[in-house]
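Reader: I'd like to go through the salt bridges and a helix packing in this one. Can we take it piece by piece?

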Amino acid sequence: MSDNYDVVIVGGGLAGCTAAILMGRSGLDVALLEAHRQPTTYKRMCTTSIRSSALPTLRRIGVDAAIEKAGGVPAHDAFNTPYGWLHVPRMDDCPPHGYNIRRETLDPLMREAAAETAGVDLVLGAKARELTRDRQGRVDGVLAMVDGEARRFGARLVVGADGHSSKIAELAGLPGHRTEPKRFFLFAHYRGVEVPPDRTLSIWLNMPDVVSVGAMDDGHVVLAAMLDKRRLPAERGDREAVLLDAYRNLPDGPDLSRAERATEVLSSRSYPSVTRWRITTPGVALVGDAAMVADPLEGSGCGWAIQGGEWLSDAVADAVRSGHPKRIDQAARRYERTHRFRLFPHQAQIIDLSTRLALSGVMKVVLSASVRDPKVAEKFTSVITRNRSMLKVLTPAFVARALYAAARPGAVRS
């Protein structure tokens, strides 16, 4: 059986659904292929805090109200540094907040929004097996198994939104470079933990460990810890004991005396960053974790998936409507350049921190200065909320001000 569409998106997660919604609204016929049979399926290995940089996209696709109705908590970020608390300030030129919401809630919500968009066909239980090509060798569709039957979904553009181990990236010959972190990762959701309203996401840079507390929907609170891999032997025992031990003696740490675990403790002994220099090839574009995987320490993945879906749709929709393969591939390359410019500097910083067990000298200076100087804090937190590129912030004036603030007596502690 063969079905023909303008675009076939493989993967019904955050990136795939965002792209499907926007492409469907632009008048394209979209097949959204999701490997799981249940529309309520969700990504389990994710603590789900969306940085504020993705809020404009959420508002554009119209799911921000649905997120809040489902109990999503506006994320107000704060970082406990060796120099004191650094709260992300309200800035007129940056979105006011992101969201904390469990993937169990968010993924079905996004999938429902995509399925209700005119022009989008959500196909559940569709497992991609091969890419098909035209006589010139350009990708022109996907061969998938659906209910035990082989179906070809023809398309002017195939979008790989199928996660960190992307089958589409493999089939399209778009390799990635893996960077192994020096921390392992474990988390669980709890009830009975109070979270201050001015810091609904708190992160302790308790180096070499990094731990966080985030208020979620339905009264849940996520405890997530990224711990030195030298502690891995202990993790083989009681994972909850290892997780809770990371919160002992934290400055201004959460009161866990009444905490009741609501989910199992999930863990990953290695969650590598994956960086692909190329995320397009004739007839194919990658988005979300298929395009780039960031270490979970800084919580960028969900927001990048949502924003990436928007960048892709905006770049290619007109070209796909034209039906000209060269125009489509040129548009996809423009998306690729946008993705590189917007995310590569951030990815480099995230990888650097993920492979260190102590703060770098530069990070010590900037954190110390940010705690003491509101102007430095505004610039720096606009970067760590992913609203600005470091290339736009690391100006001579910023560096000079940060050095001056950090050099004040008592500003920097090792």
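Reader: Let's start with E104: is E104 buried, exposed or partly exposed?

Author: Keep in mind that this is a predicted model, so the values are computed from predicted coordinates. The relative accessible area of E104 comes to 42%. Buried would need under 20% and exposed over 50%, so E104 is partly exposed.

Reader: Okay, and which residue does E104 meet in a salt bridge?

Author: The two side chains come together at 3.3 Å, N to O. The cut-off for a salt bridge is 4 Å, and the pair counts as one.

Reader: Which residues are linked in a network of salt bridges?

Author: Here the salt bridges join up into a network. The residues linked in it are D209, R231, D245 and R248.

Reader: What about D3, then: with which residue does D3 form a salt bridge?

Author: D3 is found in strand 1, residues 2–4. Leaving aside neighbours within four places in sequence, D3 is in contact with R151, R152, F153 and G154. The salt bridge has its closest N and O atoms 3.0 Å apart, and the partner is R151.

Reader: How many residues apart in sequence are the parts that this pair ties together?

Author: The salt bridge runs between D3 and R151. D3 lies in strand 1 and R151 in strand 12, so the parts tied together are apart in sequence by 148 residues.

Reader: Is D3 buried or exposed, and what about R151?

Author: The cut-off for buried is under 20% relative accessible area. D3 has 17%, so D3 falls below that cut-off. R151, which sits in strand 12 (residues 149–154), has 15%. So D3 counts as buried, and R151 also counts as buried.

Reader: On to the helices: how are helix 10 and helix 13 oriented to each other?

Author: The axes of helix 10 (residues 361–372) and helix 13 (residues 396–407) come within 8 Å and cross at roughly 80°. Angles of 65 to 115 degrees count as roughly perpendicular. Helix 10 and helix 13 are therefore roughly perpendicular.

Reader: And how do the residues of that contact divide into nonpolar, polar and charged?

Author: Helix 10 brings V365, V366, S368, A369 and R372 to the contact, while helix 13 brings F398, A402, L403, A405 and A406. Sorted by type, the residues of this contact come out as eight nonpolar, one polar and one charged.

Terms used: Residues numbered from 1 in each chain as written. Predicted model: local features only at pLDDT ≥ 70, side-chain atom pairs only at ≥ 80, totals over all residues. Heavy atoms only, no water. Helix = DSSP H or I, 4+ residues; strand = E, 2+ residues; numbered from the N terminus. Contact = heavy atoms within 4.5 Å. Axes fitted to C-alpha atoms, helices over the stretch in contact; angles between N-to-C directions. Parallel < 35°, antiparallel > 145°, perpendicular 65-115°, else oblique. Nonpolar A, V, L, I, M, F, W, Y, C, P; charged D, E, K, R; others polar. Buried < 20%, exposed > 50% of the residue type's maximum accessible area, 1.4 Å probe, protein only.
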